Amino acid sequence: MIRVVLPAHLRTLAHVNGEVTLAVSAPVTQRSVLDALEGKYPMLAGTIRDHVSRQRRAFLRLYACGEDLSHESPDAPLPEAVASGAEPLLIVGAMAGG
Amino acid sequence: MSRVRVLVGTRKGAFVITGDGKRDRWDVSGPYFGGWEIYHLKGSPANPDRLYASQSSAWFGQVIQRSDDAGKTWESVGNKFAYDGPTGTHLWYDGTPHPWDFARVWHLEPSATDPDTVLAGVEDAALFRTTDGGRSWHELPALRTHESGKLWQPGAGGMCLHTIVVDPAKPERMFIAISAAGVFRTDDGGQSWRPMNKGLVSEQIPNPTAEVGHCVHRVAMHRTRPDTLFMQKHWDVMRSDDAGETWREVSGNLPTDFGFPIDVHAHEPETIYVVPIKSDSEHYPPDGKLRVYRSRTGGHEWEALTNGLPQSHCYVNVLRDAMAIDALDPCGIYFGTTGGQVYGSADGGDHWAPIVRDLPSVVSVEVQTLS
C-alpha cells in the first residue's frame with residue numbers, strides 16, 4: 001500500500017486522521033498516486049491539482065525520501081521506498097507566516 | 001415566533017449566528033472551515049435549512065460546501081468550475097491581453113424556488129449554475145464571451161463577478177456586476193447579455209463614459225420594484241429607474257461617495273443604506289467614525305446613523321457583500337467589518353450594537369428570516 005501524508009486542511013476536508021493508504025497499480029507515479037487519492041477521496045479533486053490544467057497547485061510540493069519531487073515528471077516512477085510503502089509521499093503546503 | 005440566522009463569511013472561516021425576533025441576544029456557532037477564506041455563504045429561500053458556502057484558499061483552490069441542516073453539518077460538493085469553450089483573453093492590469101483563469105467563487109445566489117439550483121459568480125468573471133445541489137457546475141458562457149469581454153480588466157481585488165440580482169417577477173431577467181467591467185443584464189436567462197452602464201462616469205478609465213470598464217461595487221433592488229436599481233460604484237452612488245438602461249447619480253450630501261455595499265430597506269423601497277469610505281487609497285471611514293448613511297428618498301438626501309457605532313479611532317472597512325437586511329418589521333440591518341465586528345440594528349438603522357466582536361476579517365454577511 002502507498003502511504004500519503006496530507007496537509008492538515010486536506011485531512012480535515014477528507015475526514016481522515018494521520019496518513020492515508022492507497023492501493024496503486026504499477027507504475028507508481030505522482031499521477032497514479034494522485035489519481036488513486038482523488039478516487040478514494042473525491043472531495044480532494046481540484047485541491048492538489050487544478051481540475052482543468054491538471055497542474056500541481058503552486059503552493060503545494062511533493063516530497064519523499066528527503067527529496068523534493070515537485071518538479072519531476074508526473075509520470076516518472078516514485079522512489080522504490082514509496083512504491084513499497086516503506087516511506088510516505090508527503091504533500092506539503094507552503095509555509096505561511098506573518 | 002420569528003427568528004433570524006446571520007451567515008458570516010470571514011478570511012478564516014464561516015460563522016452562523018442565530019437570534020430571536022427581538023434580535024438582542026445571539027448564539028454564535030463556528031468557525032466552520034477554520035483557516036479557509038469564506039467569500040460567501042447563503043441560504044436557499046426555498047429551503048432555509050439548505051446553505052451553500054464558497055470556501056477557498058491560495059493553497060488548495062476552491063471548495064463548495066453544502067449544509068442541509070442549517071449549518072450544523074456540511075458536505076463538500078462539486079468544485080469543478082471549467083469555462084465552457086475557448087477562454088479567450090481579457091485585459092490585464094498593464095493593459096495587455098490575459099487569458100481567463102478561474103480563481104474562486106465570490107458570490108452564490110440560490111434560486112428562489114429550487115434548493116438545488118444556484119448561480120455562482122466567479123473570478124475571472126463568469127457566471128456558473130448548478131441544478132443538482134452543487135454537485136456539478138456549468139457555465140452560462142454568453143456573458144464571458146460577450147464581445148466586450150476582451151476589454152474587461154480586473155480591479156484591485158481581481159476580475160470578479162460579485163453581484164447577481166434576479167428579477168423576482170421575471171426570473172429570466174438578471175443583472176450581474178463585474179469589477180471592473182460594469183453591469184450587464186440578460187432578459188433570456190443568460191443566453192444573451194447587454195452592458196447596462198449608460199450614465200456611469202469613471203474618471204479612472206481612459207474614456208470615463210465607456211460602455212464597459214466601470215468598477216461597480218454593488219447593485220441592490222427592492223423586490224417590489226424590479227426596475228429600480230441602486231448602485232455603489234467605486235466612486236458615486238447611482239440609481240436607475242428603467243432596469244439599468246440609464247443611471248443617474250444620487251450621492252447628494254454623503255461625506256464621500258466611495259464605498260462598497262448598498263442595500264434596500266425590506267419594506268420601504270426608497271430607503272437605502274451605504275457605508276461611506278474615505279477614499280480608494282485609504283479604505284477606512286472618514287474621520288475615524290463608522291457611520292451607516294440612510295436615505296429615505298432613494299438617494300440625494302442622506303442622514304448619518306451613528307447610535308451604537310464607534311465614533312472615534314475606527315479604521316475598518318465594510319466589503320461589498322458584507323451588508324444584509326432581514327424581512328422582519330421593523331427590519332434588521334447587519335454589516336460586518338474587516339476588523340471582525342458584525343453590527344446589527346433591529347430598528348432600521350436607528351440603533352446599532354455588535355452582535356459579535358472579534359471574528360476574523362469579515363468578507364460577507366447574509367441574513368435569513370425564519371418563521
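Two strands pair if DSSP finds at least two bridges between them. Keep that in mind as you work through these exercises on a predicted model.

**Exercise 1. Find which residue of E30(B) stands opposite B:Val4, and describe how the two strands run.**

Solution. 
- Begin with strand E1 of chain B, residues 3–10, which is joined to E30(B) by eight bridges.
- Next, check the direction: E1 and E30 of chain B run antiparallel.

**Exercise 2. Give the strand order of the open sheet of four strands in chain B, and explain why its edge strands have a side without a neighbour.**

Solution. 
- At the edges stand strand E3 (26–32) and strand E30 (362–370) of chain B.
- Each of these has a single partner strand, so one side of each lacks a neighbour in the sheet.
- Ignoring direction, neighbouring strands of this sheet are turned against each other by 15 degrees on average.

**Exercise 3. Trace the partners of strand E3 in chain A.**

Solution. 
- Strand E3(A) covers residues 60–64, and four bridges join it to strand E5(A), residues 89–93.
- This pair runs antiparallel, with A:Leu60 opposite A:Gly93.
- E3(A) also pairs with strand E4(A), residues 67–68, over two bridges in the antiparallel sense.
- In that pair, A:Tyr63 has A:Asp68 as its bridge partner.
- E3(A) and E4(A) form a hairpin with two residues between the strands, where A:Cys65 takes a positive phi near 55 degrees.

**Exercise 4. Name the residues that touch the most other members of the largest nonpolar core, then list the contacts of A:Val33.**

Solution. 
- The core holds 125 residues, and those touching the most other members are A:Val33, B:Val6, B:Val8, B:Tyr334 and B:Val365.
- Strand E15 of chain B, residues 174–179, supplies the largest share of this core, with five residues.
- For A:Val33, leave out residues up to four places away in sequence.
- What remains is A:Ile2, A:Val4, A:Leu22, A:Val24, A:Val28, A:Leu78 and A:Leu89.

**Exercise 5. Describe the side of chain A that touches chain B.**

Solution. 
- Count the residues taking part: 13 from chain A and 13 from chain B.
- On the chain A side, helix H1 (residues 8–14) gives the most, with three residues.
- Sorted by type, the residues of this side are seven nonpolar, five polar and one charged.

Terms used:
Residues are numbered from 1 along each chain as its sequence is written. Chains are lettered from A and ligands numbered from 1 in the order in which they are written. This is a predicted model: local features need pLDDT of at least 70, side-chain atom pairs count only at pLDDT 80 or more; totals for chains, interfaces and linings use all residues. Two residues are in contact if their C-beta atoms, placed from the backbone, lie within 7 Å. Ala, Val, Leu, Ile, Met, Phe, Trp, Tyr, Cys and Pro count as nonpolar, Asp, Glu, Lys and Arg as charged, and the others, Gly among them, as polar. Axes are lines fitted to C-alpha atoms, for helices over the stretch in contact, and angles run from 0 to 180 degrees between N-to-C directions. A nonpolar core is a set of buried Ala, Val, Leu, Ile, Met, Phe, Trp, Tyr and Cys residues joined through C-beta atoms within 7 Å. A residue is buried if 20 or more other C-beta atoms lie within 10 Å of its own, exposed if 12 or fewer, and partly exposed in between; C-beta atoms are placed from the backbone.
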